[in-house]
Every structure is written in C-alpha cells, then in structure tokens.
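Work through the exercises below with the coordinates open. Each task is followed by a stepwise solution.

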Amino acid sequence: MPITVLLVDDEPLVRAGLRAILSAQPDIEVVGEAADGAAVLPLVRSLRPVVVAMDVRMPLLDGIEATRAVLRTVAAPPKILVVTTFENDQYVYDALRAGADGFLLKRAAPAEIVQAVRTVAAGESLLFPTALRRLAASYGNERARATMEQAALTAREADVLRLMARGMSNPEIAHSLTLGTETVKTHVSSVLAKLGARDRTQAVIAAYESGFVAPG
C-alpha cells in the first residue's frame, strides 16, 4: 500500500512543488490538498491520509490548531509532518509540542522531503535541528522533570532515549547499543509508556524539557 499524503499550505507553488516531488515516488501518493488548516479535519476524515504535510503559518487556522484538532477528534490520526520556512520558528516548536511527528524545511532537497515522509510514516521522528533542541531545553520546567523522575527508566531505556533524542532510528540505535532491532522496539515502547508520550517526538521533547538530555 502506498503512503498517502495530504498537502496543507496556503502557497499554491509550495503545494505544487511538494506534489511533483512526492508523486514521482512509487510508494507515495498525494491524495489531496488544502490551502488552510480549517480544511484539514474534514479532509483527514474523508481521505484518511497516512501523512499530513502541514504548514504552520496559515491565514484562518494555523498548523498548530489544525494539529490539535486532528489529534483530539480523529480516532486513528495520521502522522503530521510540519513543513516550514524557518527552523527556529516558535510556531514549529509549538506544533511539535501539540503532537506533530516531525519537522521539515521547505528548502530541503527533494530526496530529504521524500525521506521525511517515509520516516514519519514509519513512526520514527525526525532529527530536531540544533535551534529547536535549544528551544526545547529553554522550556525546562518542574513538571517535565517530575515526569522524568517518576518514569524511573532503566539504564538501558535511558540509553535508548538519549539516542532517540539524537534522531536515531531503531536500526541505528540497535547498531549503536549492539542490540537486536526488536529489542530496541521493546525499549522504545517502554519509554513511551513510562513517560506517557504519544510518540517518539513527544518523548524527545520531554527529554529536553526535563534536562535529561542537553542540546548540542
């Protein structure tokens, strides 16, 4: 089955460019487009895309609120890939905190755009740019620290979370720790459960905001 994608951006040229790049791939199908976040929820319900490529700055409803609406009301929500112009945009970080699964710059090379969609669809979050890591760390708070302490991660789970925060995929973590991929998947699932995180991205945000991982 192809990875179905919904494109959401108020710039027609951006949507056209993304459609051309993604539609050229045999395993990706663009099933719809929207020019504003206000149109996302009904399109997600009717088209059931695997991935929504979402701009964050739009005139009527921005990508942050559109992300919240989808995750709050859709039973099996799609993966949400934030697509934006600036890597240190507060809107981008707010979208990730709201539950978006990954981050992509509009100026990324075609191969990077394709890989981003595939990575998010597979459930592996993308590497946070340094600017976003620093932004995450600046949100350090007692709630995040308390959550991390209460999680009581094992030494191996802590190792896995640190590598997740560096943007490593499960196979990369397995290679780094000399573990089997299935074992890593088990550790990742345990980390998410203990942190109460919806996905890898939320776990990584918790790691930076709690000070468990330092930006760099």
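Predicted model: local features only at pLDDT ≥ 70, side-chain atom pairs only at ≥ 80, totals over all residues.

**Exercise 1. Sheet pairing**

- Step 1: look at the pairing of β4 (residues 79-84) with β5. The two strands run in the parallel sense and share four bridges.

**Exercise 2. A residue in a loop**

Locate aspartate 101 and decide: buried or exposed?

Solution. 
- Step 1: the residue sits in the loop that links α4 (90-98) to β5 (102-105).
- Step 2: apply the cut-off. Buried means under 20% relative accessible area. Aspartate 101 has 5%, so it is buried.
- Step 3: check its side chain. A polar contact of 3.3 Å joins it to the side chain of arginine 198.
- Step 4: The C-alpha atoms of aspartate 101 and leucine 81 are 5.8 Å apart, although 20 residues separate them along the chain.

**Exercise 3. Two packed helices**

Describe how α3 (residues 63-73) and α4 are arranged, from their axes to their contact residues.

Solution. 
- Step 1: Packed helices are described by the angle and the distance between their axes.
- Step 2: read both values. The axes come within 9 Å and cross at roughly 5°.
- Step 3: classify the angle. Angles under 35 degrees count as roughly parallel, so α3 is roughly parallel to α4.
- Step 4: list the contacts. From α3 come Ile64, Thr67, Arg68 and Leu71; they meet Tyr91, Asp94, Ala95 and Ala98 of α4.
- Step 5: sort by class. The contact has five nonpolar, one polar and two charged residues.
- Step 6: recall the helix geometry. With 3.6 residues a turn, residues three or four places apart in an α-helix point the same way.

**Exercise 4. An enclosed helix**

How many residues of helix α11 (residues 200-209) are buried, and what lies at its ends?

Solution. 
- Step 1: count. 10 of the 10 residues are buried, so α11 is largely enclosed by the rest of the structure. Among them are Arg200, Gln202 and Glu209.
- Step 2: inspect the N-terminal end. Aspartate 199 caps it, with a side-chain oxygen 3.2 Å from the backbone nitrogen of threonine 201.
- Step 3: look past the helix. Glycine 211 follows α11 and has a positive phi, near 85°.

How values were computed: Residues numbered from 1 in each chain as written. Heavy atoms only, no water. Buried < 20%, exposed > 50% of the residue type's maximum accessible area, 1.4 Å probe, protein only. Polar contact = N/O pair within 3.5 Å; in protein donor to acceptor, adjacent residues only side chain to side chain. Axes fitted to C-alpha atoms, helices over the stretch in contact; angles between N-to-C directions. Parallel < 35°, antiparallel > 145°, perpendicular 65-115°, else oblique. Contact = heavy atoms within 4.5 Å. Nonpolar A, V, L, I, M, F, W, Y, C, P; charged D, E, K, R; others polar. Pairing = 2+ DSSP bridges.
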